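Please look over the sequence and the model shown below before reading on.

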Amino acid sequence: MLVDTFGRVATDLRVSLTDKCNLRCTYCMPAEGLEWLPAPELLSDDEIVRLVSVAVGLGVTQVRFTGGEPLLRRGFVGIVERVGALLPRPRMSVTTNGIGLARIASALADAGLDRVNVSLDTLDRDRFQQIARRDRLDDVLAGLAAAEAAGLTPVKVNAVLTRGVNDVEAVPLLRWALEHGFKMRFIEQMPLDAQHGWTRDQMVTAEEILARLGEAFVLCPVPDAERGSAPAEEWLVDGGPARVGVIGSVTRPFCGACDRVRLTADGQLRNCLFAREESDLRAAMRAGASDEELGDRMKLAMLAKRAGHGIDDPSFLQPDRPMSAIGG
Ligand code: SAM
Ligand code: SF4
């Protein structure tokens, strides 16, 4: 098992398939993009499947593909198919900006993908362009519809609110999600942008999000017992059964119940989004390590997992890699 020194067990593996992206969300990367990882450093499809297989052997039950933009990975459907053939079969989902999902959703469902999380911060075309620096709102909406039609449900929609930009959209986004049967979740902005531009005052807090939603809806907290290790705190909307989730990573951290571990597109295992150290599984694998040795490295990396992200500590340092290169 992938256990840390605080007794937390990692069962949820986030696998980044690429650090590249076709959007440039302001809270994630600069307008000019980033220096992408060189191709030889990226794990091959075989290497990804092998590392996931080792992790499944150590108790991982949930695999979430992410990036960068995971749909940009050419062999994605094949990877899903092969991970879905592992025993015991892990549940599989993808976190995507939705561009290209319309084309690939049914192939992903056929390959065994269970669910999708689509990131969408606004329903307004101009504002979409302002936030993502690309005019692609229609592609995202088409992707969402295709995911629903392909049965990749429940479709979750993740929004990051930015003060003075789209914070006024909390209520319209939730109303729209309720109409379409999507599960809406709002995420606090974290200090993980490549430009290091995050500031606490710019962050729209969970409390503010709830206050805004509370102006239009009656929200009733879902008991913590139902939350488990899920990052989102949930509220029943207008008596339910619909729910809304708020992920207060900064102001309401859930590190004590964390069950996540991350694999970057270049084969580094990270025990936390905010970790400052990584375990180089790619180098070990390419030097001929056996599955057992790779598993031992994974277990060792988990032992170094810290109690929490420490964003509030005076000594907090933003990790060297931005969110898009870690896998959010
Ligand atoms: N490109 C895909 C997408 O946008 O869904 C997957 C990768 S993206 C890094 C994963 C999630 O992280 C998205 O929901 C995005 O909004 C969120 N994200 C990116 N930068 C963030 C930040 N600084 N704070 C909080 N969430 C962030
Ligand atoms: Fe790309 Fe996702 Fe980052 Fe936006 S949040 S720039 S879609 S990786």
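Which backbone atom lies 3.3 Å from an oxygen atom of ligand 1? The atom is a backbone N or O of Thr 96. This is a predicted model, in which local features need pLDDT of at least 70, side-chain atom pairs count only at pLDDT 80 or more, and totals for chains, interfaces and linings use all residues; side-chain values use heavy atoms, with hydrogens and water left out. Residues are numbered from 1 along each chain as its sequence is written, while chains are lettered from A and ligands numbered from 1 in the order in which they are written.

What surrounds ligand 1 as a whole? The shell has 16 residues, and Tyr 27, Gly 68, Glu 69, Ser 119 and Met 190 are the closest. A residue is near a molecule or strand if one of its heavy atoms lies within 4 Å of it. By class, the shell around ligand 1 has five nonpolar, nine polar and two charged residues. Here Ala, Val, Leu, Ile, Met, Phe, Trp, Tyr, Cys and Pro count as nonpolar, Asp, Glu, Lys and Arg as charged, and the others, Gly among them, as polar. Strand 3 (91-96) and strand 5 (156-160) each give at least two residues to this shell. Helices (H or I, at least four residues) and strands (E, at least two) are DSSP runs, numbered from the N terminus.

Ligand 2 has around it Cys 21, Leu 23, Cys 25, Cys 28, Met 29, Gly 68 and Asn 97. This shell divides into five nonpolar, two polar and no charged residues. Gly 68 is one of the residues around ligand 2 and is also among the closest to ligand 1.

On a 1 Å grid over the protein atoms alone, a cavity is a set of points where a 1.4 Å probe fits but cannot get out, and a pocket is an open set with protein on both sides within 12 Å along at least five of seven lines; lining residues have an atom within 4 Å of a point. Grid points are joined across faces, edges and corners, and a volume is the space filled by probe spheres set on the points.

How many cavities of 30 Å³ or more does a search of the whole structure find? There are two. The largest has a volume of about 60 Å³, and its lining includes Asn 271, Cys 272, Phe 274 and His 309. Four nonpolar, three polar and four charged residues make up that lining. The second largest cavity has a volume of about 40 Å³. Its lining consists of eight nonpolar, no polar and no charged residues, among them Leu 2, Leu 13 and Met 298. Helix 1 (45-57) and strand 10 (260-263) each give two or more residues to this lining.

The second largest pocket holds about 230 Å³ of space. Of its 13 lining residues, Lys 20, Leu 42, Leu 72, Arg 73 and Arg 74 lie nearest its centre. The lining divides into six nonpolar, two polar and five charged residues.

Lastly, consider the backbone. Cis peptide bonds join Leu 87 to Pro 88 and Thr 153 to Pro 154, with omega about -5° in the former and about -5° in the latter. Pro 88 is in the loop between helix 2 (76-84) and strand 3, and Pro 154 is in the loop between helix 5 (137-149) and strand 5. Arg 133, in the loop between helix 4 (125-132) and helix 5, has a positive phi near 60°.

Terms used: A polar contact is a pair of N or O atoms within 3.5 Å; within protein, one must be able to donate a hydrogen and the other to accept it, and residues adjacent in sequence count only if both atoms are side-chain atoms.
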